[in-house]
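Subject: Structure handover

Hello,

Here is the structure I said I would pass on. My notes follow below it.

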Amino acid sequence: MEQVSASKAFGGVQGVYRHASGSTGTDMTFSVYVPPHDEGAKLPVVWYLSGLTCTHANVTEKGEFRAACAELGLIFVAPDTSPRGPDRNGGAVADDPQGAYDFGLGAGFYVDATQAPFAAHYRMWSYVTRELPALVAANFPADMARQSIMGHSMGGHGALTIGLTHAARYKAVSAFAPIVAPGQVPWGRKALAGYLGDDQAAWRRHDAVALIEDGARVPALLVDQGTADNFLEQELRPELLKAACEAAGIDLTLNLREGYDHSYYFISTFMADHLRWHAARLGRD
Ligand SMILES: N[C@@H](CCC(=O)N[C@@H](CSC=O)C(=O)NCC(=O)O)C(=O)O
């Protein structure tokens, strides 16, 4: 692992790191904020999965998480959203043929692709759930028995599906403006078809509403959603998650935030609220 940068912030260190990923077969860049802590202490880890078009940098620069993480003693990890790099294996790493913002580069959807040409490199599920946690555990003062996960939009979809699938691992799961049912909306249908083909069982394993319908459970979920979000009605559809949680008895807190859009102005406004909710479930309040 190579350190790209390290800057003191709120008494801790905001770092950016690069490594050769075995999951994606590319170099991957991610950021980690380590709050001030006693020497030898192990700290809980909050994972943040970003949305379409993002790298680690969007939330790192605009997410305004550091003050709360420093206060609460939380490590904050922000991975990239897709493999990147020189074109290999027929365009698997480079942008998709249409150059779309919602598929291919910057739009890995946190799945392990099975379809050519993406299967060779687009393995963000393995990267985020296995490879990067091992790297973080080995290189940072992380208590891997206390992890939680959150995300935005496409990353909210990733946080929900990963959190529902690994319910024992992640002590808290939350999202900002998540895609809740990718199998039912254009962004998701395009990505799942492109990465997973027509395997409907695989689609359901990467769809929060379908996972809940199929029996996945977490004790509680927190979702914040802006009412002025351009993507609300066509792509996000939080009412589908609300209905699934009600039917399943999952304690969903769905905060509809009047006038907020889909941007980091919205996310940064409610970031500290989410981190406090996570901290309470990670034994840090
Ligand atoms: N057409 C827009 C759409 C991109 C966009 O809004 N991306 C969001 C995530 S959307 C769901 O995953 C985002 O986080 N953008 C980065 C940011 O810093 O705001 C476009 O191409 O810009």
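Two strands pair if DSSP finds at least two bridges between them; helices (H or I, at least four residues) and strands (E, at least two) are DSSP runs, numbered from the N terminus. The model is predicted, so local features need pLDDT of at least 70, side-chain atom pairs count only at pLDDT 80 or more, and totals for chains, interfaces and linings use all residues. Residues are numbered from 1 along each chain as its sequence is written.

Strand E6 (residues 142-152) has parallel partners in strand E4 (residues 43-49), over six bridges, and in strand E7 (residues 170-176), over five bridges. Isoleucine 149 of E6 is the bridge partner of tryptophan 47, and in E7 isoleucine 149 is bridged to valine 173. Eight of the 11 residues of E6 are buried, so the strand is largely enclosed by the rest of the structure. Buried means that 20 or more other C-beta atoms, placed from the backbone, lie within 10 Å of the residue's own.

Aspartate 229 sits in the loop between strand E8 (220-226) and helix H8 (232-236). Aspartate 229 counts as buried because it has 21 C-beta neighbours inside 10 Å. Its C-alpha atom is separated by 4.9 Å from that of histidine 262, 33 residues apart along the chain. Leaving aside neighbours within four places in sequence, aspartate 229 is in contact (C-beta atoms, placed from the backbone, within 7 Å) with Ala177, Leu236, Asp261 and His262. Under the same exclusion, valine 77 is in contact with residues including Phe30, Val32 and Trp47.

Regards

Notes: Contact = placed C-beta atoms within 7 Å. Buried ≥ 20, exposed ≤ 12 C-beta atoms within 10 Å, placed from the backbone.
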